[in-house]
Protein chains: 2
Amino acid sequence: MSPKITGELLRQLRQAMKNCKYFSEPIQAYIIPSGDAHQSEYIAPCDCRREFISGFDGSAGTAIVTEQHAAMWTDGRYFLQANQQMDNNWTLMKMGLKETPSQEDWLISVLPENSKVGVDPWIIAADQWKNMFKALSSAGHSLVAVQDNLIDAVWPDRPERPSTQLRSLGLDFTGISWQDKITTLRAKMSERKITWFVATALDEIAWLFNLRGADIEYNPVFFAYTIVGMSTIRFFVDLKRLSDPAMREHLQLDSPSKPELSIQTFPYESVYTELQAICAALGPKDKVWICDKASCALTQVIPKTHRSPIPYTPLCLGKAVKNATEIQGMKMAHIKDAVALCELFAWLEKEIPNGNVTEISAADKAEELRSQQKDFVGLSFPTISSVGPHGAIIHYRPLPETNRTLTVNEVYLIDSGAQYVDGTTDVTRTMHFGTPSAFEKECFTYVLKGHIAVSAAIFPNGTKGHLLDSFARAALWESGLDYLHGTGHGVGCFLNVHEGPCGISYKTFADEPLEAGMIVSDEPGYYEDGSFGIRLENVVLVVPAKPKYNYRNRGSLTFEPLTLVPIQVKMMNTELLTQKERDWVNEYHRKCREVVGAELERQGRQEALEWLIRETQLII
Amino acid sequence: MSPKITGELLRQLRQAMKNCKYFSEPIQAYIIPSGDAHQSEYIAPCDCRREFISGFDGSAGTAIVTEQHAAMWTDGRYFLQANQQMDNNWTLMKMGLKETPSQEDWLISVLPENSKVGVDPWIIAADQWKNMFKALSSAGHSLVAVQDNLIDAVWPDRPERPSTQLRSLGLDFTGISWQDKITTLRAKMSERKITWFVATALDEIAWLFNLRGADIEYNPVFFAYTIVGMSTIRFFVDLKRLSDPAMREHLQLDSPSKPELSIQTFPYESVYTELQAICAALGPKDKVWICDKASCALTQVIPKTHRSPIPYTPLCLGKAVKNATEIQGMKMAHIKDAVALCELFAWLEKEIPNGNVTEISAADKAEELRSQQKDFVGLSFPTISSVGPHGAIIHYRPLPETNRTLTVNEVYLIDSGAQYVDGTTDVTRTMHFGTPSAFEKECFTYVLKGHIAVSAAIFPNGTKGHLLDSFARAALWESGLDYLHGTGHGVGCFLNVHEGPCGISYKTFADEPLEAGMIVSDEPGYYEDGSFGIRLENVVLVVPAKPKYNYRNRGSLTFEPLTLVPIQVKMMNTELLTQKERDWVNEYHRKCREVVGAELERQGRQEALEWLIRETQLII
């Protein structure tokens with residue numbers, strides 16, 4: 001992977017920063033966040049501005065360019081990758097390390113007095129704007145909104161915004177009609193005396209209307225906004241997409257059942273002026289709900305006295321707790337996904353000794369096998385197919401110039417997932433097709449112990465996910481090891497593979513308490529730079545637990561694995577496992593064999609079935 | 001314990017709330033926080049306003065009185081106690097339970113439109129003021145500062161503010177001179193470009209000047225403020241206390257070694273006007289550091305553009321990391337404390353069958369035995385000496401009317417500690433002097449497992465204490481049990497028994513990362529209302545650990561118990577312990593026997609020594 005040459009681009013950007021065409025005065029620094037106007041994690045090519053200016057294409061990162069410096073903040077998953085993709089013009093700021101300054105502190109340390117720091121107000125979230133604004137102001141600088149995006153100004157061949165075909169989902173997939181979701185939302189609004197709700201997150205809008213799109217790779221979402229009042233629904237989307245009669249029927253555009261469920265449609269771009277019009281007509285007590293992660297541009301349309309910012313919207317919370325139909329769909333999707341992976345691993349076992357399998361061909365094979373499964377739509381994120389040292393690049397994605405051959409001498413890590421109409425998957429397995437070293441096995445076993453500690457944990461109702469994070473690390477910590485990423489994220493149902501508001505992380509973000517029906521990943525790891533990477537990831541469902549006692553009648557929760565793919569016994573040092581941990585592995589493998597075995601048999605995939613049976617032998 | 005009759009008092013308070021003598025308009029609600037003007041946890045009798053108005057005397061709680069309601073917020077330690085001490089005029093708000101509204105939400109739900117909510121600005125911390133101000137404003141109400149305290153207005157015989165004799169500590173106790181502490185503070189100020197620092201926390205001021213007082217029971221502190229500039233030191237204290245020649249010598253009041261180490265003294269009350277004068281003379285770039293937990297009154301003296309609020313002051317952080325002299329002192333204090341407790345338990349074992357020992361007499365005996373130890377100053381908090389159901393009242397304090405006799409049929413919990421000139425102790429043991437039930441043993445063993453899980457944990461440098469909290473709960477959670485308090489708090493060295501900025505709690509307050517030299521408690525528990533309480537508490541020192549590996553050269557930490565008092569084996573169900581846990585108990589008891597045994601022998605306390613040897617037999 002050779003770094004992007006950015007000298008000339010940075011020169012042009014710095015010229016634009018000085019150009020009073022864009023802002024009335026020259027600006028001394030320009031912030032380039034990752035996101036789009038919806039604060040999406042994955043973004044469309046037209047929104048990949050941070051990648052364009054720096055070359056670094058990881059999913060998380062913020063660039064800041066000053067007259068003298070260009071710096072990139074990203075987290076532990078991306079330290080190696082960012083170093084490889086960026087040229088010498090860039091300084092990597094390793095987030096999570098003690099010595100790394102925050103963006104604010106760094107700006108304050110490098111800026112001349114009374115500097116102006118610019119940012120596109122559509123791309124920066126309102127809460128980030130607020131924090132940055134405060135920090136800069138207190139140091140005598142100012143944060144200014146530059147309406148024209150300065151990266152776009154130096155990006156002549158920037159792609160168009162996508163507008164793919166929409167897909168409507170029936171009750172057999174969603175469990176709840178969009179009309180009922182609107183009614184529930186309005187009940188929550190009236191409970192909190194809220195008169196308007198502005199939805200800006202693409203997955204929330206897709207979930208609300210039981211619609212899916214393909215505007216952003218891997219994410220079945222589409223560019224839209226929605227503003228819901230107590231008796232009106234405004235839907236902002238490229239109107240061409242609503243011409244299909246089935247779509248019009250789904251949204252009841254031509255004959256709404258009730259007036260308050262009638263959807264008014266508007267062009268995507270008109271959300272700003274329409275929200276302005278709504279705000280101009282607000283009564284003195286009217287309150288508007290908007291997520292504090294929505295864009296600064298849209299948030300600031302709402303007068304402060306009417307604004308009721310919330311860390312998570314009711315749609316975000318509603319979407320996180322899966323209903324029975326969604327849970328059933330997720331289970332089905334994971335069984336199909338396991339079928340494809342069992343086939344992949346059986347195939348790898350056979351083919352690797354021939355020396356013809358590479359990181360890319362293995363990833364392609366995984367996609368091909370998944371695509372044979374019913375209701376397959378596409379991948380849920382770029383497959384991380386990594387051999388040996390590449391495994392330590394946490395979000396590695398094989399490219400032709402980095403592509404390595406799988407051998408019987410190195411650890412292979414594959415983190416992959418798919419979108420099916422009934423659910424979204426995300427699974428990581430780490431395997432050795434020869435004889436792993438004692439150290440590789442030792443590390444794998446600590447990671448497994450952490451995975452089990454989370455998966456088998458019983459905890460009170462109302463517990464926040466971050467309180468479980470250390471369980472995943474205890475075995476690694478005991479040996480002086482650790483990993484620099486969170487342990488788990490929420491997973492959507494035929495939606496984004498990363499979703500809020502729950503998760504399992506050492507970061508004390510305001511995560512919502514776990515409750516039955518939520519679905520998260522459990523994925524501790526260990527990464528030995530330059531040598532190998534280990535990660536074990538299952539998607540797990542939060543379910544009620546029934547321990548011996550029930551303190552203060554609070555009830556208890558635990559996790560049920562939805563992912564049902566064997567964990568390689570060859571990589572375990574079973575002597576390091578407790579009896580309880582061995583029992584967990586055996587019970588997990590029993591379930592894989594029973595559930596996925598039956599499906600493999602039904603589909604007549606004999607070789608994979610044999611592999612599954614071999615890989616699920618009891619350990620003692 | 002009979003509740004305080006508060007009907008007439010509340011009537012008077014409500015009259016004062018309407019009286020325009022105190023505020024220009026009637027106020028509809030009055031907030032009565034726990035603290036004093038220094039936001040102390042323990043307070044002098046003159047500051048016990050919340051207790052005076054409600055009867056509830058727990059260490060934490062906030063009262064709010066409206067025209068119709070009187071409500072008290074407190075946490076799980078105090079639910080039972082508050083219910084017993086308050087009459088029917090009061091509603092208990094159980095913090096930490098999902099259904100309990102926050103103070104803000106409750107106020108908004110009960111207040112008529114456009115209400116005024118009053119509070120004494122000296123008693124409310126600046127950060128609390130800010131949050132409350134925002135929440136009330138957004139709901140159309142206002143928070144107003146009432147300069148005269150309204151409780152004082154209805155409290156005719158309110159005690160005087162104490163002014164006890166000061167004690168200076170030499171380098172043999174403190175390890176660092178106050179002059180060096182000032183120099184270190186100024187270095188941190190200049191690193192952050194801060195020109196003034198305002199110290200308001202009493203323990204920080206005591207630590208800074210190597211002085212101790214006795215103004216607040218159990219806390220060796222004295223009422224004072226300090227303002228440190230880059231070349232001046234202003235010390236605000238009752239000037240009578242500085243007349244002693246030794247004290248003047250300690251502070252170099254008459255012949256400072258250097259001009260910038262010359263202390264200017266002022267009367268305690270003049271801090272407000274003196275800070276006003278300093279602020280009036282601030283240059284445009286001057287910045288003033290003040291803790292965001294300082295009083296709203298003093299904080300608001302500093303113009304916002306010059307104010308640099310910090311969650312923890314450099315004194316707080318400096319004080320938390322004990323130096324070698326302080327650690328040595330803490331170790332000595334804990335050995336002496338263990339001698340006293342071994343004697344106590346040997347005496348209890350002998351006396352309880354005679355039926356003459358009560359909760360109060362046991363607590364008195366503990367104090368008497370401690371007072372025989374060298375450099376004993378007093379208790380570090382009111383002894384919690386609780387039998388059977390009283391053990392479930394987490395901060396129970398025996399009173400003549402509640403006093404229960406210790407028997408061989410009930411669990412006995414004693415949580416106690418002392419101030420010695422060389423250190424502060426805090427230890428809880430739970431014992432049975434007959435035959436505990438299987439359930440009592442089971443719960444005790446889960447608590448022990450949690451205690452060991454924290455104490456033996458190895459974790460990376462830079463880990464915050466809250467990430468260890470769940471280790472203390474995992475065994476309880478697995479059986480559906482829990483406890484509604486944090487797991488540990490910082491402990492001062494001959495200072496407050498509760499101190500920041502580190503701790504171990506599920507609450508995600510902004511705790512500072514643990515580092516070697518910090519001292520915290522490890523005290524999980526289990527409380528069966530109406531039946532028994534279990535808590536196991538050691539004070540532990542953060543020390544470097546040397547595990548097998550050293551990931552990214554970060555280094556690892558673990559805990560070394562300073563408390564060396566046997567944990568009753570009779571209460572353990574050893575079958576529930578793992579081999580590692582049994583090894584931990586045996587090693588802990590070996591150390592108790594070795595270290596405390598030697599001291600018991602030196603002091604010739606034979607019966608206690610025999611008890612110690614009996615109680616530290618190996619378990620298998």
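Side chains of opposite charge can pair when their charged atoms come close.

The model is predicted: local features need pLDDT of at least 70, side-chain atom pairs count only at pLDDT 80 or more, and totals for chains, interfaces and linings use all residues. Residues are numbered from 1 along each chain as its sequence is written, chains are lettered from A and ligands numbered from 1 in the order in which they are written, and side-chain values use heavy atoms, with hydrogens and water left out.

Start with the two copies. The same surface serves both: 100% of the contact residues of chain A recur in chain B. Contact means heavy atoms within 4.5 Å.

Now the interface. Chain A brings 41 residues to the contact, and chain B brings 41 residues. About 3500 Å² is buried between chain A and chain B, and carbon and sulfur atoms give 55% of that area. A:Trp477, A:Tyr549 and A:Tyr551 supply 20% of the area that chain A buries against chain B, more than any other three residues. Buried area is the accessible area (1.4 Å probe) that two parts lose on being put together, summed over both.

Charge also crosses this interface. The rule finds 10 salt bridges between chain A and chain B. One of them joins A:Glu478 to B:Lys580, with the closest N and O atoms 2.7 Å apart. There are 20 residue pairs in polar contact between chain A and chain B, both residues at pLDDT 80 or more. A polar contact is a pair of N or O atoms within 3.5 Å; within protein, one must be able to donate a hydrogen and the other to accept it, and residues adjacent in sequence count only if both atoms are side-chain atoms.

Several elements of chain A supply at least two residues each to the side that touches chain B, among them helix H5 (126-138), helix H16 (438-455) and strand S25 (525-528). H17(A) gives the most, with 5 residues. By class, this side of chain A has 19 nonpolar, 9 polar and 13 charged residues. Ala, Val, Leu, Ile, Met, Phe, Trp, Tyr, Cys and Pro count as nonpolar, Asp, Glu, Lys and Arg as charged, and the others, Gly among them, as polar. Helices (H or I, at least four residues) and strands (E, at least two) are DSSP runs, numbered from the N terminus.

Over all chains, the whole structure has 76 salt bridges. In chain B, the side chains of B:Arg535 and B:Asp415 meet in one of 2.8 Å, N to O. B:Arg535 lies in strand S26 (residues 532-535) and B:Asp415 in strand S17 (residues 411-416), so the pair ties together parts of chain B that are 120 residues apart in sequence. B:Arg535 is buried at 2% relative accessibility, and B:Asp415 is buried at 4%. Buried means under 20% relative accessible area, exposed over 50%, and partly exposed in between (1.4 Å probe, protein chains only).

B:Lys591 and B:Glu560 also form a salt bridge (3.5 Å, N to O). This pair links helix H18 (residues 579-602) with strand S28 (residues 556-561) of chain B, 31 residues apart. B:Lys591 is partly exposed, at 24%.

A:Thr174 lies in helix H7 (residues 171-174) of chain A. A:Thr174 is buried, at 4% relative accessibility. Its side chain makes a polar contact of 3.5 Å with that of A:Asn210.

Last, the backbone. Most residues other than glycine have a negative phi, and most peptide bonds are trans. The bond from A:Gly500 to A:Pro501 is cis, with omega near 0°. A:Pro501 lies in strand S23 (residues 499-504) of chain A. A cis peptide bond also joins B:Gly500 and B:Pro501. A:Gln39 has a positive phi, near 55°. B:Asn553 has a positive phi of about 60°, and B:Asn553 is exposed, at 65%.

Terms used:
Salt bridge = Lys/Arg side-chain N within 4 Å of Asp/Glu carboxyl O.
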